[in-house]
Amino acid sequence: MGRYILRRLLQLIPVFIGTTFIIYSLVWAIPGNPFAGMCGPRGCPPAFIEQMTQEYNLDKPLPVQYVLYLGQLFSGNFGQTFNGIEVSTLIQNAYPVTLKLATIALVFEAVIGIAAGILTALRGKGFVDNLVLAATLFLIAVPVFVSGFVIQVVFGVQLEWIQPSVGSDPTIGQLIAPGLVLGSLSMAYIARLTRTAMFENKRADYIRTATAKGLKPRRVVSVHMLRNSLIPVITFIGTDFGALMGGAIVTEGVFNIHGIGGLVFDAIKTQEGVTVTGVVTLLVVVYLLMNLLVDILYAALDPRIRYD
Amino acid sequence: MTNAGEGQQRILAAGAYAEGEIEARQQGESGDELPGTPEPHQPPKQEKQRGLWGDAWLELRRKPLFIIGSVIILLLVAISIFPGFFAPGDPNAQNLTLARQGPSADAPFGYDSIGRDIYTRVIHGARASIVVGVLATLLTVAIGSLVGLFAGYFGGKTDSFLARFAEIFLGLPFVLGAIVILSVFNAGIQGAPGTIRIMLQVILTIGVLAWPISMRIMRSAAIAAKQQDYVNAAKALGASHTRIIFKHVLPNCLAPVMVYATIALGQFVGLEATLSYLGLGLQYPVVSWGMMISDSQQYIISTPHMLLFPAGFLVITVLAFVMLGDAVRDALDPKQR
Amino acid sequence: MRKRRMVAPVAASLSAVLLAAGCGGGGGSAVTEATGTLEDPITVQWGEPQSELVPTNSNDTFGSQVLNPMFTGLVEYDPKSFEPKNAMAKSIELSDDKKTYTVKLKQGWKFHNGEEVTADNFVRAWNYGAYAGNAQQNADMFNAIQGYDAVHPADPDGEEGPKKPPEPSAEKMSGLKVVDDHTFKITLKKPFSVFPTKIGYQAFVPLPDAFFENKEKFRKNPIGNGPYKFESRTPQQSLTLTRYKDYQGDDAGSVDAVKMVVYNKAQTAYQDLKSDNLDVINTIPTSALADNRWKDELGERAISKPRMGITVLNLPMYKEKFKNPDLRKALSLAIDREKIVKQVFNGEATAATGWIAPDFPGGPDKGSCGEWCNYDKAKAKEHLKKAGGFDGQLTLSYNADGAHKQWITAVAGSIRDTLGIKVGLNAVPTFGTYQDQMDNNEMTGPFRYGWVADYPTPRTFLKPLYTTSGSANNTGYSSEKFDNLIAEADQAATVDKANQLYNQAASQLGKDVPSIPLFTNAVKGATSNRLAEGTLNSRTVPAITTFKVAQAGE
């Protein structure tokens, strides 16, 4: 196992380089001049565009630009945005908030989703199952801008339980409501996934064996059934963490959280390659680590799975 | 915790797969509703009878869940093909004086923010939404499952490569990928490209960017499945990799991916709207539910019916697919009979 | 049993955390002794500026929101009326040849770092802004001054041409001369009657010596001479200004500390304002505009005033189809502006009757668009017929990153239903790409264009947009008559005479219809209960110096 983990960590290096290159070239491939829109409807003087183009090496061929960027990165410099802000400052400000938010969302979706899934699977078809199905459909169909808005207005403006928006250095408590909104869609999915997996395993022979052996039902469910049903669920939760970090654009907007979702979104729109590449590369590292964790969990959940 | 019994059953029945499948095709179309058709799951012990698919079909015909689901889907398909029959009006005709008026005898669903009839728009919007939703889901699941299956089954270097490749895609912000892919497609076209072309582009973009999730799910299921005794037994019997993957591993891995597919369907309808909102997807005069929902964003309080009706249709569509998926899966699983 | 046990803790913990969250947050802060000080600053809706905070290199509204209170130029525009008046200038006198201005500065003014503001600070700053090597965004603001062409030579074959513009032959404009510490002379290339009005624009402010000594440091910690000074900034989040106690001007502020907070969504800012978590907003979300809900909810705290700008539909006259004036007129006649203003903007806009903003100081539009801006179905069809009809689909373009979709859909629908032709929309993902397409004459159909006045004279709406060599002429319109009228107005003897001639030039546009005037949005905003006074200027920028904290206990 130790060697497996080491090998996976070593794989980070080529993936890191690959990702930075892909992201960098993608931003580069967005049509249009990134500086043309900076001066409003009046348009920019050619001298301004030319100098900015030189400053960000955009006049050089793509591979040269990329190597220059990578060299800068290895000396610990993430570069500067078009308005002269250090990208490292932005990362420092945005990452902790986003990490907190995504973790809260993840906890919500995992706890509520798995609980609802187990409940429906054990109760079988009937009222509870239909109720969870209805809730699931509701969460799928109601866009985040609506659920976020409703929670904000009801709990923030009318009941005054929470602040309508989140400050610049939010506490865990302030992020509860946004985290719930952010995790809601995945919650629906986890509930259904758990339910299906439990159904599959419910009639498996080993469950029958375990029950026949005289194990307590509680032990059968929690040790045998749940453990075997969780593999696909854990997989999804692992992949979702990164998605929650980078894709929280709407939730961040509704609650005015200054996280990386909005940061990347704005940077893409203004074609700020340096910001996009820096922030997204770190995001990919998170994905890689999460997936590594998930792969290790497989082995823990199912002893038949071995890595060597 | 032994799986020996289950494994043996499967090996014994290995010969029955092909036959059962052919028969099912002759019997009916039920299997085609499923993303990823061949599912000879848990075949019966004795080969004769109708085979798995035949059994499933008989079973399905009696299930109200299946009947309701298919009727809704057929109706939606009919609406998509002949919207004019269900709503003869012009979905883009606007009468500003009627803006935001609620449901009435003249307009059962009311009017939107610039005075267009919501009923007509919902009916005419079905086509784009259903086509994009269903095809994008199929594409995503197809790519993801295939790659995941290979990665999970072969493991080792193949897995490392495919899994890391998928991780890069996962890390790619959807908006960035979409902007680049769609603008590269659209480059060189003066003005706005044609509707069918944009629809295909949107489907392709979603497929290219969203497959890693179903890949990870399929991969995890494949990793678990390949260690099962029946796979080892099939190997011992000299079955080829292709045969093992498609006949033994795939059928046992489909369930979680199918659940993902039904949820993703709803999500992709919304994603189409996000793209058009960003100026990358379908544009006026085309109508879609996603666009209607996203247009309603500013009017949730003052004009809730702008959101209610298109979102309602979306719920019904997803519900129909969920029902159908559940019914088919149950019918195919002999343990649940 | 088991099942219930699974659910109960989840539900309990959920409600517990929600309640816990409630204890931490909740309600807005009331007015106390500390309100308006650094401890509890007045907060203002803001967005991350696109450019560095250097006056000659910034021209987005978020940049202005910070730079306006930080710098005071020779002339300032009144935040309420947009009228120009002398600020740092004691006097601006014009010579007999109508080309040279002698500027006398008020004495005793200091930058925030204690440096005295002298004539040299103005001349150096303007030269810095104009010099091509410094590549400043606002460089062409200085182009009326003698010697500009030497420091910023024009590109011989246009922006897209292969040739690079020649190197500047001088670093300083010959038209600027320091006479003594508090006097300098500005010589223009040719007479330009509204120049003293124009220099109220943000680019014409002085810069301290500290800027020229260390620009990197200045970018992080800008130093101005205005009523407010820079305190701190967290990029993408907030920026705080504090009152400059030694400010000499008569537009000193009364609030001690003002914090600009970045909001990405107008809706959220609005909710925060209602809960007194935010004190000033300068956008009202469409959701609150519907049925005028915002006015009911905010009452007297709602701000609505005319905006010094206009939205038009530009026509690509470089495309054969749009060279036909009858087609352009038909399109203009087919847009029901009144109804769109009423239904889409809830009356918070004015239907355009010409190319200059209504209520514009120094010459509001006198209906330069004439009959073409009145919706008339029969006449529209008649002109379309005269133009020979329209084949294929008319595609309207707009940039998807602004809030334009709603109204442009209504415009498209109006044209479609009136003329009975196929109409489609083309959303361009970003403004950058959109600007690029405009610059390169790549538009295939009418395209949305918004323009905000830089300075209070009608010239700002005409010269850059419609003269043949205009810096923002995106339509390809070229009329000798119009160019001559503008040139004549520029050289008029008095400002009044000039404004009159500018209006005459606008009427010339009414004959050619190079673009379709649509409407002017109102400046909309609001203040919280914590402010007794406060307004936005005519360019929708919150005017910090007008803020007054409400009495404690109110």
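Between which two strands of chain C does the loop with C:Gln236 lie? C:Gln236 sits between strand E8 (228-234) and strand E9 (238-243). Strands here are DSSP runs of E with at least two residues, helices are runs of H or I with at least four, and both are numbered from the N terminus.

Before I go on, some ground rules. This is a predicted model: local features need pLDDT of at least 70, side-chain atom pairs count only at pLDDT 80 or more, and totals for chains, interfaces and linings use all residues. Residues are numbered from 1 along each chain as its sequence is written, while chains are lettered from A and ligands numbered from 1 in the order in which they are written.

For chain C, mean pLDDT is 89, and 93% of its residues reach 70 or more. That score is the predictor's confidence in each residue, from 0 to 100. Residues 1-27 of chain C fall below 50. Beyond near neighbours in sequence, that stretch has 35 contacts in the model. A contact means two C-beta atoms, placed from the backbone, within 7 Å.

Back to C:Gln236. Its phi is near 65°, a positive value in a residue other than glycine. Is C:Gln236 buried or exposed? It is buried, with 22 other C-beta atoms within 10 Å. The cut-offs: buried takes 20 or more other C-beta atoms within 10 Å, exposed 12 or fewer, partly exposed lies in between, and the C-beta atoms are placed from the backbone.

Now chain B. B:Arg100 also has a positive phi, near 65°. Its loop runs between helix H5 (83-86) and helix H6 (118-154) of chain B. B:Arg100 counts as partly exposed, because it has 18 C-beta neighbours inside 10 Å.

The peptide bond from B:Tyr284 to B:Pro285 is cis, with omega near 10°.

H18(C) covers residues 495-512, 18 residues in total. From first C-alpha to last it reaches 26 Å, close to the 26 Å expected at 1.5 Å a residue. That expected span is 1.5 Å times one less than the number of residues. Buried residues in H18(C) include C:Leu501, C:Tyr502 and C:Leu509. What covers them? The cover over the buried residues of H18(C) includes helix H16 (459-466) and helix H17 (480-490) of chain C. After H18(C) comes C:Val513, with a positive phi near 45°.

Last, the chains together. How many residues of chain A are in contact with chain C? There are 61, and they meet 61 residues of chain C. On the chain A side, H4(A) gives the largest share, 10 residues. By class, that side divides into 31 nonpolar, 24 polar and six charged. Nonpolar means Ala, Val, Leu, Ile, Met, Phe, Trp, Tyr, Cys and Pro; charged means Asp, Glu, Lys and Arg; the others, Gly among them, are polar.
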